[in-house]
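Please have your viewer open as you read.

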Amino acid sequence: MIGHSSNASESWKNLPWKQFRKNLFRLQKRVYKAIRVGDKHKAQSLQRLILKSTSARLLAIRQVTQLNAGKKTAGIDGKASLTMKQRLELNEKLRTNANNWYHQSLRKIPIPKKEGKTRILKVPTIADRAWQCLAKYALEPAHEATFHARSYGFRPGRGAQDAQKILQINLNSHANGIRKRVLELDIEACFDRISHSAIMERLIAPKGIKIGIFRCLNAGVNPEYPEQGTPQGGVVSPLLANIALNGIEDIHPSVRYADDMVILLKPEDNADTILERISQFLAQRGMKVSEKKTRLTASTDGFDFLGWHFKVQSNGKFRSVPSVDNFKAFRKKVKHIVNNSNYGATVKALKLAPLVRGWRNYHRYCKMDGSRKLYYIQYRAFKVFNKESNQDRESSKKLLDKAFPSVPYSENKHVNVKGEKSPFDGDLTYWSERNSTLYFGKTSQALKRQNHKCGYCGLKMLSEEKVHLHHIDGNHDNWKAKNLLAIHESCHDYLHMCKSES
């Protein structure tokens, strides 16, 4: 038995993670195909197998304790991390209780919003997160088989750039975008108002998972709305929101990213009629349109969506640039690092590099030349580096280049995901090659050299896990091709864990 190993750390590291991923994906693919052909009974039988699967359990535990962004955030029990032994103990707990899971209360963390208001992040315990992740493994392929093609938020294989491209296609000069209007839809307190019954009625799942999800929803309820809301902070919450909102895209041509949505109107379309139909759809699910934030905008006036500002110019040409708010938030983070007196120029450059690279990569399919005066941020950083490093101008410039790595951009060149395709459809060639296009530079080159396979475990690089670039000799200044391997984030984590404990 895995749980009785005398050396928990070695036991955890030496588990056959590659085989686990294969086992889980095989079951998920079968769930997806069963729903596509209308065999819900078979799909639910397969979902029960996922809930019982050792592979799925251990992958879920690894996901929430090692890979997720909030992996070090404690729940109400105060546990912010688990030892290897505790992970194996949690596996045993999930094995015996997964089919009848009880959720603990949620830890509430206030998060300030830009309008001066506060939203409450409700964080489950690590054990509850692991169960939710396990449930998500079973639920996601079933609902991916039913989701609308124009829904892009919190779905495997889809992202914000797909939504950006759809808007470009529908608002460019070929689509006569200059005459169109955009209805910017805002759903009032979406995650806090979703009706529990609306989720449960639409949930494709066997009884054990349904009971666990219902308890999960009730663990985070607001006393004012006892039968509404899905906790923001739960692993499964975005999926549940997508389940409740699925179908809203059929009302009128639109683009949705979770609860953010824009509806595209031709001159002859009646905005009031469309908004009324949307209001009826939301009312059936316990939600309503925010009249204050929902607005009708001419495409030539421009609008913000997902961190971009979209606008059709007077000559009919479509343009998207980083939005003012997005740039301000980015600049604030950069300034916080540059002005921090707790560490020197070299450390600042190391901290800035992933932040800048991530921001530039997110925006690489919009107009970026001269974007929002990035030059002034770099110039300020250069002056600080030059002062703190006590080096010559040339050395400070090299440090600046490290802090502000360049990312190639190609306006409107993103290639959208095909129709209703899903990573669970089993088309590994399509998804691994598509995943490679989401990366650039050395990472993209390494993926192509490796035939889109992980350089460590050998599995195809699909979209469910980030690609990391591993320096074989440990020297992060050695960027020679033979020293670089494109590998899964989890494989990278494992390699460094082995190194630190060797």
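## Cysteines

Is Cys491 buried or exposed? With a relative accessibility of 6%, Cys491 counts as buried (buried is under 20% relative accessible area, exposed over 50%, partly exposed in between, with a 1.4 Å probe and protein chains only). The sulfur of Cys491 is 3.8 Å from the closest cysteine sulfur, in Cys454, which is too far for a bond.

The structure holds zero disulfides (pairs of cysteine sulfur atoms within 2.5 Å). Cys457 is in none either, as the nearest cysteine sulfur, that of Cys454, is 3.7 Å away. Cys457 is also buried, at 11%.

## Ground rules

This is a predicted model: local features need pLDDT of at least 70 and side-chain atom pairs pLDDT 80 or more, while totals for chains, interfaces and linings use all residues. Residues are numbered from 1 along each chain as its sequence is written, and side-chain values use heavy atoms, leaving out hydrogens and water.

## Salt bridges

There are 12 salt bridges (a side-chain nitrogen of Lys or Arg within 4 Å of a carboxyl oxygen of Asp or Glu). In one of them, Glu144 pairs with Arg155, with the closest N and O atoms 2.9 Å apart. Glu144 sits in helix H6 (residues 126-144) and Arg155 in the loop between H6 and H7, so the pair ties together parts 11 residues apart in sequence (helices are DSSP runs of H or I, at least four residues, and strands runs of E, at least two, numbered from the N terminus). Glu144 is buried at 2%, and Arg155 is buried at 5%.
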